[in-house]
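Let's walk through this structure together, starting with some backbone details and ending at a pocket. Have the model open as you read.

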Amino acid sequence: MPIDPQIAQLLAAARARDPRGIEQLTVAEARVRGGSAPIDAMVPFEDVPVVRDLVIDGVAPIPARIYRPTAGILPLLVYFHGGGWVVGSVTISDNFCRALANASGCAVLSVEYRLAPEHRYPAAADDAFAATRWAAENASELGTDPARLAVGGSSAGGNLAAVVAQMAQERGGPAIALQWLHVPVTDHDFTRPSYLANATGAGLTRAGMEWFWGHYAPELARRSEPYASPLRAKDLRGLPPAIVLTAECDPLRDEGHAYAERLRTAGVPVTSIEYPGTVHGFMSWSSVLPAAKRAFTEVGAALRKGLS
């Protein structure tokens, strides 16, 4: 089906404010603009009883922020923000993580991994794994249950969550109970049908993704490594159950489908959720978009069930 008319209006308004694609911006300009999302549609602020900034030991110190929606020992979702490994931050994701914590009943640990091009692949993946391992080792301090540890992320963050799940399996832990992959990047193939059908006009573009990949992993050969393109891993058996969320009019839709199918073929339980007529960043537009509000409710329920 075509793009939802309300989403089309939001995208048109964003283009009217700044018609440039992200590939036409410098990295500094892209970070100021925050990508191509319609700012006036962002997730509204929600109160969360406990919000605390932390610093995690990694290759370099990793800033993070934890959200605790209720008291007691909680499941924990280690969350990696989107932004093509180049833009985005814990601060920009604050409202999103507040809503996610309240919807799921989970504590959410939002991780400020290093960004490209200053820190190219595999820096973000290394930070994501270090933060997840730290969260497991410090569960008592965080008030979380190490047996109910999940990883999740949006777009490039979904890529990092999938990669962390693979790293944890290959490196002997930590034990991950669930992975939530929200419109994830799982490959670097720009010729899939969803890339061709949604190359322009749907917010995230093919040219934009080429720009992101060019900053994160400029060496073409390295893009095929599983820690860059998790779809290319030889064996996905034994990975944690997955919730894979895709948007119908997203260039990344088909690689999300492909990763979910490969997980199923490997015997991994997968819950797939796709939202018709939506585009890549739709879940972040919940202040005005009914589909985004519904997504928070449905994802929250899936996380509760998966980590119960």
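Ser155 is buried, with a relative accessible area of 9% (buried means under 20%, exposed over 50%, partly exposed in between, using a 1.4 Å probe and protein chains only). Although Ser155 is not a glycine, its phi is positive, about 60 degrees. You will find Ser155 in the loop between β5 (144–154) and α6 (156–170); helices (H or I, at least four residues) and strands (E, at least two) are DSSP runs, numbered from the N terminus. This is a predicted model, where local features need pLDDT of at least 70, side-chain atom pairs count only at pLDDT 80 or more, and totals for chains, interfaces and linings use all residues. Residues are numbered from 1 along each chain as its sequence is written, and side-chain values use heavy atoms, leaving out hydrogens and water.

Val183, in the loop between β6 (178–182) and α7 (193–197), is not a glycine either, yet has a positive phi of about 40 degrees. Val183 is buried too, at a relative accessible area of 3%.

Now turn to the loop between β4 (107–111) and α4 (123–137), where Pro117 sits. The peptide bond joining Ala116 and Pro117 is cis, with omega about 5 degrees. Pro122 lies in the loop between β4 and α4, and the bond from Tyr121 to Pro122 is also cis, with omega near 10 degrees.

Finally, which helix gives the most to the lining of the second largest pocket? It is α10, with 4 residues. β7 (242–247), β8 (270–275) and α10 (290–306) each supply at least two lining residues. Among the lining residues are Leu178, Pro241 and Lys305. On a 1 Å grid over the protein atoms alone, a pocket is an open set of points where a 1.4 Å probe fits, with protein on both sides within 12 Å along at least five of seven lines, and lining residues have an atom within 4 Å of a point.
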